[in-house]
Amino acid sequence: MKVQLIYYPDCPSHERAMELVRQALQAEGVQAEVETVRIETEAEAQRYRFIGSPTIRFNGVEVDPLPHLPYRLTCRTFRHEDGRLSPVPSLTMLRTTIQRVLEEKRKDVSGTG
Amino acid sequence: MSVELGKPMLDFQLRGVDGRMYSPSDFADKPVLVVVFWCNHCPYVRAYEDRTIALAKEFADRVAFVAINANDAVKYPEDSFENMQARAREKAYPFPYLHDESQQVTRAYGASRTPEFFVFDQSRTLRYHGRLDDNWENPSEVRQHYLRDALLTLLNGQEPPITQTEPIGCSVKWK
């Protein structure tokens, strides 16, 4: 699985986000390297379709995609299952995205997708 | 320029979301004044929003809170004056929410993050600067209540046990 953690260094949440990504991968039994991409300019934010830090993608599938937001250099807000707003996604949000990606992959392999 | 520990607060005149102009003298009846640099869009502000509101309510009889937003609303439209008004209404902020459109006040204070707290004593000398507590992620796992401890000790006429912490949050969005 290709895992990307795209971050803006001015936003302090990326280290915690990395811990959570690793926990989620381990919990789902997925072995994968996490590629980190550092965003420092607005041009890079455009290129990576970066709406805020951290942006996390598993096989290109974004955790909590918010397509209405512009690409820009800032921190990103995640709404957890309990309604709490946080600078990082919850473990559940990460695991759910990984499960979705694995399910899609299974469908592709079995030809049922 | 910036406001440093042991130094006096700087004057300001800023418009609140209620349309009124506010300056520090409006809070002269309170022995402690908390100035917090704030905004709408930052997740750290959102994470600390309920905790800040709770503290402002808890200390309402003796501590004045005032929030100031300076973010560039062109690039961050969530931080426009109209959206500030909406957020203050939605969350029923128990403190004035002021717009630093020129960003001059925020620059003068030397604030660089949202949220970033400045606590002034009765003589309006800076006695605490930094973050609210030590756990932005989980309120139930907070071990150090920096802002609360500063308020309690100042109200007892004592020095806060910790006077400075590193603010954590989004950078101020300069124009």
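## Contacts and sheet architecture of chain B

Apart from neighbours within four places in sequence, B:Val63 is in contact with B:Lys30, B:Val32, B:Val34 and B:Leu151. The model described here is predicted. B:Val63 belongs to strand β4 (residues 63–69) of chain B. This residue has 22 C-beta neighbours inside 10 Å and therefore counts as buried, the cut-off being 20 or more.

One of the contacts of B:Val63 is B:Val34. Not counting residues up to four places away in sequence, B:Val34 touches B:Val63, B:Phe65, B:Phe117 and B:Val119. Both B:Val34 and B:Val119 are listed among the residues with the most contacts inside the largest nonpolar core, which has 74 residues. The list also includes B:Tyr44, B:Val66, B:Ala67 and B:Ile68, together with A:Val21 from chain A.

### The fold of chain B

Chain B holds four helices and nine strands. Along the sequence these elements follow the pattern β-β-β-α-β-α-β-α-β-β-β-α-β. The radius of gyration of chain B is 15 Å, close to the 16 Å given by the globule rule for 175 residues, so the chain is as compact as a globular protein of that length. Its C-alpha trace spans about 45 × 35 × 30 Å along the principal axes. Of the 175 residues in chain B, 43% are buried. Among contacts in chain B with a separation of 6 or more, 74% are between residues 24 or more positions apart.

### The sheet

Seven strands of chain B form an open sheet with mixed pairing, in the order β2-β1-β5-β4-β3-β7-β8. The edges are taken by β2 (21–22) and β8, each with a single partner strand, so one side of each is left without a neighbour in the sheet.

| Strand pair (chain B) | Sense | Bridges | Bridge partners |
|---|---|---|---|
| β1 (residues 14–16) and β2 | antiparallel | two | B:Leu14 and B:Tyr22 |
| β3 (residues 32–37) and β7 | antiparallel | five | B:Phe37 and B:Glu116 |
| β7 and β8 (residues 126–130) | antiparallel | four | B:Phe118 and B:His129 |

Strand β7 (residues 116–120) of chain B has five of its five residues buried, so it is largely enclosed by the rest of the structure. In a regular strand the side chains alternate between the two faces of the sheet. In β7(B), B:Glu116, B:Phe118 and B:Phe120 point one way, while B:Phe117 and B:Val119 point the other way. The buried residues of this strand thus include a charged one, B:Glu116. B:Phe117 and B:Val119 are also two of the residues that B:Val34 touches.

The hairpin of β7(B) and β8(B) has five residues between the strands. Within this hairpin, B:Arg124 takes a positive phi near 60°.

### Contact with chain A

Which residues of the two chains meet, by number? Twelve residues of chain A are in contact with 13 residues of chain B. On the chain A side, the residues that touch chain B divide into five nonpolar, three polar and four charged.

Key
Residues are numbered from 1 along each chain as its sequence is written. Chains are lettered from A and ligands numbered from 1 in the order in which they are written. This is a predicted model: local features need pLDDT of at least 70, side-chain atom pairs count only at pLDDT 80 or more; totals for chains, interfaces and linings use all residues. A nonpolar core is a set of buried Ala, Val, Leu, Ile, Met, Phe, Trp, Tyr and Cys residues joined through C-beta atoms within 7 Å. A residue is buried if 20 or more other C-beta atoms lie within 10 Å of its own, exposed if 12 or fewer, and partly exposed in between; C-beta atoms are placed from the backbone. Two residues are in contact if their C-beta atoms, placed from the backbone, lie within 7 Å. The radius of gyration is taken over C-alpha atoms; the globule rule is 2.2 Å times the number of residues to the power 0.38. Two strands pair if DSSP finds at least two bridges between them.
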